[in-house]
Amino acid sequence: MKKWTYVISVGGMLAVFMFFYFSHTKEAEIREKARQEEVARQQKEEADRKAAIEEKARQDAERRAAERAAEEKRKEDERIAKWEAAGREIQQSTDEYNAKADAYNKRVGALEIELNQLRTDKEKLNREAFEFAKQVERARVEKRNAEIEHQRLTDIIARRAAESALVRPPTPPTKS
């Protein structure tokens with residue numbers, strides 16, 4: 001009988017265990033249901049909170065995107081305005097410098113005409129000076145030739161006079 005006591009004592013303990021187990025199982029199910037309801041409620045609250053945060057983030061993102069687009073448009077408009085202003089300034093400077101270049105070209109043309117006139121006048125004056133110098137030289141040559149001719153004639157006259165009978169002393173009379 002000793003063997004049966006082991007089985008009976010274990011069976012009794014099993015019966016006591018089962019009694020407590022099933023009574024606590026119902027409580028555990030009730031607690032588990034309450035916990036699941038609490039978890040579901042918390043999840044729903046968390047989902048609602050996340051949805052609200054996401055909606056707020058989406059609105060902020062849309063607002064920031066709109067601000068960014070407005071800022072980019074403003075910057076693009078400023079860039080285009082600066083570009084157009086620089087273009088106008090460059091065009092104005094180009095027109096101004098082209099006008100100055102035209103004025104300088106006209107002045108260069110006038111100065112070249114004046115320079116050509118002065119060169120022709122200088123060439124004419126040089127030719128006249130050369131002609132005058134030539135005439136002066138010709139006059140000097142003619143003067144020298146005239147002086148030489150004068151000296152030659154004087155020499156001829158002096159020689160003829162020296163050879164002439166008038167210049168010889170008369171022969172002294174002879175005593176006879």
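**Exercise 1.** Work out whether Arg-63 is buried, partly exposed or exposed.

*Solution.* Start with the cut-offs: buried means under 20% relative accessible area, exposed means over 50%, and partly exposed is in between (1.4 Å probe, protein chains only). Arg-63 has a relative accessible area of 42%, so it is partly exposed. Before going on, note that this is a predicted model: local features need pLDDT of at least 70, side-chain atom pairs count only at pLDDT 80 or more, and totals for chains, interfaces and linings use all residues. Residues are numbered from 1 along each chain as its sequence is written, and side-chain values use heavy atoms, with hydrogens and water left out.

**Exercise 2.** Find out how Arg-63 and Asp-60 meet, and how far apart they are along the helix.

*Solution.* First, the rule: a salt bridge is a side-chain nitrogen of Lys or Arg within 4 Å of a carboxyl oxygen of Asp or Glu. The side chains of Arg-63 and Asp-60 form one, at 3.6 Å from N to O. Next, the sequence: these two are three residues apart in helix α1, so about one helical turn separates them. (Helices are DSSP runs of H or I, at least four residues, and strands are runs of E, at least two, numbered from the N terminus.) Last, Asp-60 is partly exposed too, because its relative accessibility is 25%.

**Exercise 3.** Trace the salt bridge network that includes Arg-41.

*Solution.* Begin with Arg-41 and Glu-45, whose side chains meet in a salt bridge of 2.6 Å, N to O. Both sit in helix α1, four residues apart, or about one turn.

**Exercise 4.** Describe how the rings of Phe-17 and Tyr-21 are arranged.

*Solution.* Here's the rule: rings of Phe, Tyr and Trp (its six-membered ring) pair if their centres lie within 6.5 Å; planes under 30 degrees apart are stacked, over 60 edge-to-face, and the rest tilted. By this rule there are three aromatic pairs. Phe-17 and Tyr-21 make a stacked one, with 5.8 Å between centres and 20 degrees between planes. For contrast, Phe-19 and Phe-20 have centres 5.5 Å apart and planes at 70 degrees, so that pair is edge-to-face. Finally, ring pairs join Phe-17, Tyr-21 and Phe-22 into a cluster.
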